[in-house]
Amino acid sequence: MSDFIIEMLQITKEFPGIKANDNITLQLKKGEVHALLGENGAGKSTLMSILFGLYQAEHGEIHKNGQKVLINNPNDANALNIGMVHQHFKLVEVFSVLENIILGVEPTKYSVLKRNEARQKIVQLSQQYKLSVEPDALIEDISVGMQQRVEILKMLYRDNEILIFDEPTAVLTPQEIKELMAIIRGLKAEGKSILFITHKLNEIMEVADRCTVLRKGQCIGTVDIDQTSVEELSRMMVGRPVQLIVDKADLIPGEIVLAVEHLTVASKLHKNNAVKDVSFNVRAGEIVCLAGIEGNGQSELIYALTGIEKPVSGRLTLKGHDLTKSSIRDRSKAGISHIPEDRHKFGLVLDYSLAENLVLQRYWEPRFHQNGLINREAVNQYADNLISKYDIRSGQGAQTIVRSMSGGNQQKAIVAREIDKNPELLIAIQPTRGLDIGAIEYIHTQLVAQRDSGKGVLLVSLELDEVMNVSDRILVIYEGNIVGEFDPKETTVEQLGLYMAGARRNDVKGGQV
Amino acid sequence: MIILADIISATIIFAIPLLLVALGGMYSERSGTINIALEGIMIIGALFSSLFLNYAEKSGWGASHAQLAMLLAILVGGVTGLIYSLLLALASVSLKADQTIGGTALNLFAPAFAIVLSWAVQGQGQTTIYIPTWIKITQANFGLTISENPGFWEAMIFKNLYLTTPVAIVILALTIFLIYQTRFGLRLRACGEHPQAADSVGINVYKLRYIGVAISGFLAGIGGLAFTIAAGSGFQSTVAGYGFFALAVMIFGNWNPIRIFGAALFFALFKVIGSYSGSIPFLPSFSGIKYSQYLYQMLPYIVTMIILVFTSKKSRAPKAEGIPYDKGSR
């Protein structure tokens with residue numbers, strides 16, 4: 001009997017233009033939490049997809065308990081008690097929790113669903129692992145954190161022993177992450193073996209026993225967590241020492257770039273206004289951070305600033321020009337750049353090529369035109385220039401379909417497009433969400449570079465570390481009001497937390513120091 | 001009162017093809033494949049079942065085994081419709097072609113083929129395939145005598161009763177059960193909503209989409225026969241846009257079998273009001289307008305447009321319909 005419940009030996013997998021996995025070996029002990037660490041595009045998801053049967057490796061073997069096994073599809077994986085929580089959940093939104101859990105392994109009698117039997121098992125599992133999931137709720141009505149628990153229950157319902165989590169914390173709020181860590185510890189205590197894909201080092205330090213590091217498709221090594229440090233892990237992952245603290249010069253604030261006066265924005269979710277009479281400024285050469293728990297009006301505020309939605313009342317000016325009623329393109333031309341919250345929905349046309357996405361806001365400029373037709377050559381030249389300047393990596397260069405690129409490189413493409421416009425004001429909403437440490441460092445550097453070149457930056461973030469680290473001034477938003485204004489040097493994460501949760505408020509009208 | 005009975009009876013007979021075909025469309029779309037070819041499939045089903053009934057009449061055994069012949073005709077219509085729909089499944093599921101274009105091609109092919117075959121069987125210019133009258137279910141089938149002056153209920157039930165009506169009701173009940181209570185229904189709906197999710201739990205999305213399209217072909221084929229019976233004057237290589245009509249019924253019915261039933265009755269009622277407008281006393285006759293008889297006949301089509309304008313925004317189509325499933329795409 002082998003020590004390892006799962007061994008992936010010398011796995012190699014190629015995609016057109018990219019060697020996603022190059023001779024990788026990963027060994028999972030029974031009952032351990034094993035982290036798989038690497039930047040976006042390092043090959044973590046590919047490796048796990050091979051284990052789960054979504055892809056087949058060109059070379060290499062998978063062993064379970066020392067026996068060689070073949071995994072050609074998810075059914076094979078399931079038969080070997082391997083389950084996976086995908087980064088993008090595989091849940092049918094209009095189905096109930098119960099229907100999603102039993103889908104594929106439905107208990108039936110004469111092919112009629114036995115819902116009651118399934119419900120009993122789900123309730124029992126939910127209690128055993130403290131998941132508190134409501135079996136009859138619809139997926140579309142429950143939070144992302146709850147949806148993830150449904151995915152976990154899906155694996156438990158199938159009696160899976162090996163649980164793969166693909167970037168489970170990327171979509172969660174800090175509170176939900178804390179709860180997930182507790183759940184993972186609970187799973188481990190019940191004897192489950194867990195593979196945990198991530199690029200967040202503090203999570204690994206908190207929950208993992210061992211960690212395998214991948215970089216550019218290659219296996220860098222496996223380390224015991226109690227014998228390593230954040231610094232060592234990040235060096236292994238990125239291949240060089242990483243600046244974890246953002247280095248920036250002292251603030252030299254200039255003139256007011258963005259002035260928001262008494263802005264009120266309606267909500268699409270409920271009858272109340274999502275943003276209530278908010279006023280604040282962003283000056284040249286400063287990074288203003290809007291901190292708050294998700295759903296407190298940040299999105300609506302940004303929609304109103306960028307022109308996606310019209311405000312109910314109020315005024316916004318950019319360097320003295322009134323933009324309250326301007327179109328999105330006019331705002332863009334006036335100097336607002338926008339790194340959107342949802343890069344798939346607002347940032348990119350996923351089925352367009354990288355080059356087309358990079359000129360999405362300027363294809364109409366004369367330089368990209370010839371006799372009324374788009375000048376492909378000029379577009380490609382411009383794209384190639386941005387690709388090398390901003391280090392955007394993709395399979396087929398400017399012609400890569402954006403959908404096939406990794407999240408980090410998709411985000412880099414947006415950053416390149418938005419910054420290259422040389423904006424007066426850069427609005428960035430959670431620009432580092434779901435990105436790895438190298439990409440986060442890169443994005444932070446770009447934000448600070450904008451600030452240092454005398455631009456205004458408005459950053460919306462849910463991550464307090466980021467808020468404290470990057471910003472020059474912090475505004476806390478709670479239920480559509482700005483309830484506090486802070487200097488990051490003079491406040492603490494705990495204090496911000498109190499304001500974000502609505503426990504304290506200190507209404508700011510006018511918004512200027 | 002007899003007029004009311006007539007109207008109800010006519011509404012039912014016109015609602016049956018709409019119900020069958022819209023339910024068929026629902027199976028296909030619930031699996032994730034838009035079936036715009038319903039019109040063409042109806043024509044194919046109607047063509048072969050009419051030819052079959054015609055053959056049964058000519059060979060003489062049909063009249064003596066009327067309801068058996070009718071049941072076989074229903075099967076012929078269903079099976080030929082199913083076979084024809086497999087072309088759509090092949091194009092849109094296996095070959096991942098655009099589903100709208102594939103469906104349109106089938107719609108264009110079907111009426112032309114029907115004319116060619118009608119002429120080949122019956123002779124040049126003989127476009128109409130006549131349906132024998134013995135397929136009607138009468139009081140005699142239940143051992144009752146046919147009265148000279150039928151009462152309200154008798155008129156309502158026996159004015160237009162064909163085997164397609166009970167068959168459609170059984171199919172409706174079966175559909176409600178299948179879609180919501182069985183493993184098959186759960187998996188079918190999952191394929192139409194989130195095929196990646198279905199695939200990740202080991203469901204064969206391609207197979208279920210084939211089945212969805214095949215069932216829609218079977219039902220649309222029967223629907224073609226039901227329409228031909230309702231239209232009354234035999235099969236003339238057309239189903240008069242009822243396939244598209246059924247699509248509207250399906251959307252108005254929000255891809256839900258019970259609501260589709262309601263929608264089918266609703267649309268059929270307007271169709272019947274159109275035809276009976278002359279004999280309904282309280283309806284204005286617009287006699288000052290030239291060709292005023294056509295005003296009411298436009299009614300069902302106008303109502304369709306108006307209703308779709310107001311409901312299509314709220315209606316909730318299966319999320320993944322119209323997108324060919326490709327395992328590789330993220």
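Is Ile306(B) buried, partly exposed or exposed, and at what relative accessibility? Ile306(B) counts as partly exposed, because its relative accessibility is 45%, where buried means under 20% relative accessible area, exposed means over 50%, and partly exposed lies in between (1.4 Å probe, protein chains only).

## Basis of the model

This is a predicted model, in which local features need pLDDT of at least 70 and side-chain atom pairs count only at pLDDT 80 or more, while totals for chains, interfaces and linings use all residues. Residues are numbered from 1 along each chain as its sequence is written, chains are lettered from A and ligands numbered from 1 in the order in which they are written, and side-chain values use heavy atoms, with hydrogens and water left out.

## A nonpolar patch on chain B

Ile306(B) lies in helix 13 (residues 299–311) of chain B; helices (H or I, at least four residues) and strands (E, at least two) are DSSP runs, numbered from the N terminus. Together with Met298(B), Ile302(B), Met305(B), Val309(B) and Phe310(B), Ile306(B) forms a nonpolar patch on the surface, with about 630 Å² of accessible area. Such areas come from the Shrake-Rupley method with a 1.4 Å probe, and for residues only the protein chains shown count as cover.

Patches are made of residues with over 30% relative accessible area and no salt bridge, with like charges joined within 9 Å and nonpolar side chains (Val, Leu, Ile, Met, Phe, Trp, Tyr) within 5 Å. A salt bridge is a side-chain nitrogen of Lys or Arg within 4 Å of a carboxyl oxygen of Asp or Glu.

## Strand 9 of chain A

Strand 9 (residues 162–166) of chain A is largely enclosed by the rest of the structure, because 5 of its 5 residues are buried. Ile162(A), Ile164(A) and Asp166(A) point one way from this strand, and Leu163(A) and Phe165(A) the other way.

Strand 9 of chain A runs parallel to strand 6 (residues 82–85) of chain A, joined by 4 bridges, and two strands pair if DSSP finds at least two bridges between them. Phe165(A) is the bridge partner of Val85(A). Strand 9 of chain A is also parallel to strand 10 (residues 193–198) of chain A, with 5 bridges, and Leu163(A) has Ile194(A) as its bridge partner there.

## Strand 15 of chain A

In strand 15 (residues 287–291) of chain A, 5 of the 5 residues are buried, so this strand is largely enclosed by the rest of the structure. Strand 15 of chain A pairs in the parallel sense with strand 22 (residues 456–461) of chain A over 5 bridges, where Ile287(A) stands opposite Val457(A).
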